[in-house]
Amino acid sequence: MEIKEKEILRELKKYRERDLKYEDGKILGSMCSKPHPISKKIVEMFLESNLGDPGLFPGTKELEGEVIKSIGNILNNKNPFGYIISGGTEANITAMRVIKKISRGKKGKDKDKKANIILPETAHFSFEKAKDMMDLNYISPPLDKNYIMDVKYLKDYIEDKREKHGIDGIVAIAGCTELGTIDNVLELSKIAKEHNIYIHVDAAFGGFVIPFLEERYRLENYNYEFDFSLENVFSITIDPHKMGLAPIPAGGIVFKDYSFKKYLDVEAPYLTDTYQATLIGTRTGIGVATTWALMKLLGSEGYREIVSKCMDNSYYLIKKMKEYGFEKVITPVLNIVTIKDEDPLRTSLMLRDMGWYVSMCRCVDALRIIVMPHINKEHIDNFIEALSQCKRD
Ligand SMILES: Cc1ncc(COP(=O)(O)O)c(C=O)c1O
């Protein structure tokens, strides 16, 4: 290796060494984890792939079709259409773009009126970005006692206000960022069917958890259904770079079928494919290839094991919290644990000074721990000790 190259790499290493490492177990508030080791080889193999110009990369493009089919399989959809894109943010913005286009078509001469979309209070902030770009009007029903959208309120609201405003879409969350709760998509689907409303499900986190969640972790009387088997669910965000263990960037947007492509297509005359549907033009095929490989390598059984380990560790954390006198906000639905705290900002900053990175909820005064695959029981023991030390100081 040339001296200059060696120096540059040495320099880069110095920067990289300042980053936290998942395996140290101190990252407790991230929805990403250490990518599966097979990813390294694949990243190198697909380094120059560009799905923005798919005619030049027909092999990678075919892989994308296969990945969407496999994801369709876990979401109960035999004819899925979609893309592996930069992340959940892009996926949610893409879905809002479709709702906006459909609403424009329906509104005719009033096409410049805002699209009215029901959005849970617990929705990820990516929807705020969509609102800025597309001038959407969000209506947020209150949360019920389980921290999910109050379906009864919503039903009454739609029946009351529909004639006046028209509801163009409902966003439901399957694994909300703060608490891991799942909206009652089954009931929402009945309302949407009756009133011909589009449902987008944000399963960016839950998409690679809920289908693999063993019966023993499922809460009684809780509705876990969220996929295309429910009527009027027309699109789902599902991110391989969260619980799918793919390296970043690998987000997923999946539609019920190919007919939704027309809402996204723009002419791209100077490319090999004359239409482009994704928000991002030039885009890597690395997410496609790594997701394809991981779904083959791990399969349902592998993902089930990963999810079970995370759920066991979530319950272990709950047990330790109890021993140390900390209270949870809810019994974990997925591998997200909440810890009640009067001043979560202060506590999280104290923890950060001790090297622990946790995050906070917005909808309730609490810390939130995402029990990702890189967290083990020893990390949990050490964390609880640190947390109780914060409370003593
Ligand atoms: C439910 C949900 N949707 C969307 C996103 C955005 O995903 P990304 O950060 O990959 O853009 C997140 C991120 O945490 C999320 O939790």
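This report walks through a predicted model, from its ligand site to its sheets and a few backbone details.

Residues are numbered from 1 along each chain as its sequence is written, and side-chain values use heavy atoms, with hydrogens and water left out.

**The ligand site**

Let's start with the ligand, which is surrounded by 13 residues; a residue counts as near if one of its heavy atoms lies within 4 Å of the molecule. The closest are T89, T177, D202, H241 and K242. By class, the shell has two nonpolar, eight polar and three charged residues. Here Ala, Val, Leu, Ile, Met, Phe, Trp, Tyr, Cys and Pro count as nonpolar, Asp, Glu, Lys and Arg as charged, and the others, Gly among them, as polar. Helix α4 (residues 88-107) gives the most to this shell, with three residues. Helices (H or I, at least four residues) and strands (E, at least two) are DSSP runs, numbered from the N terminus.

| Side chain | Ligand atom | Distance |
|---|---|---|
| T177 | oxygen | 2.8 Å |
| H241 | oxygen | 2.9 Å |
| K242 | oxygen | 2.8 Å |

Taken alone, the ligand exposes 390 Å², and the protein buries 84% of that. These accessible areas come from the Shrake-Rupley method with a 1.4 Å probe.

Now to the sheets. Strands of a sheet pair through backbone hydrogen bonds, either parallel or antiparallel. In this model, two strands are taken to pair if DSSP finds at least two bridges between them. Axes are lines fitted to C-alpha atoms, for helices over the stretch in contact, and angles run from 0 to 180 degrees between N-to-C directions.

Within this sheet, β2 (residues 115-118) and β4 (residues 169-173) pair in the parallel sense over two bridges, and I117 stands opposite G169 in β4.

**The three-stranded sheet**

Another open sheet has three strands in the order β10-β12-β11, with antiparallel pairing. Strands β10 (336-340) and β11 (359-360) stand at the edges with a single partner strand each, so one side of each is left without a neighbour in the sheet. Five bridges join β10 to β12 (residues 366-370), and the two run antiparallel; I336 stands opposite I370 in β12. Helix α9 (residues 344-353) lies across β11 and β12, running at about 50° to β12.

**Backbone details in the loops**

Some loop residues are worth a look before you set anything up. Most residues other than glycine have a negative phi, and most peptide bonds are trans. I248 and P249 are joined by a cis peptide bond, with omega about 5°, and P249 is in the loop between β6 (233-237) and β7 (251-255). Phi of N76 is positive, near 60°; N76 is in the loop between α3 (58-74) and β1. N196 also has a positive phi, near 55°, and is found in the loop between α7 (185-195) and β5.

Finally, L143 lies in the loop between β3 and α6 (151-165). Not counting residues up to four places away in sequence, L143 touches E121, T122, I148, M149, D150 and C363.

Key:
This is a predicted model: local features need pLDDT of at least 70, side-chain atom pairs count only at pLDDT 80 or more; totals for chains, interfaces and linings use all residues. A polar contact is a pair of N or O atoms within 3.5 Å; within protein, one must be able to donate a hydrogen and the other to accept it, and residues adjacent in sequence count only if both atoms are side-chain atoms. Contact means heavy atoms within 4.5 Å.
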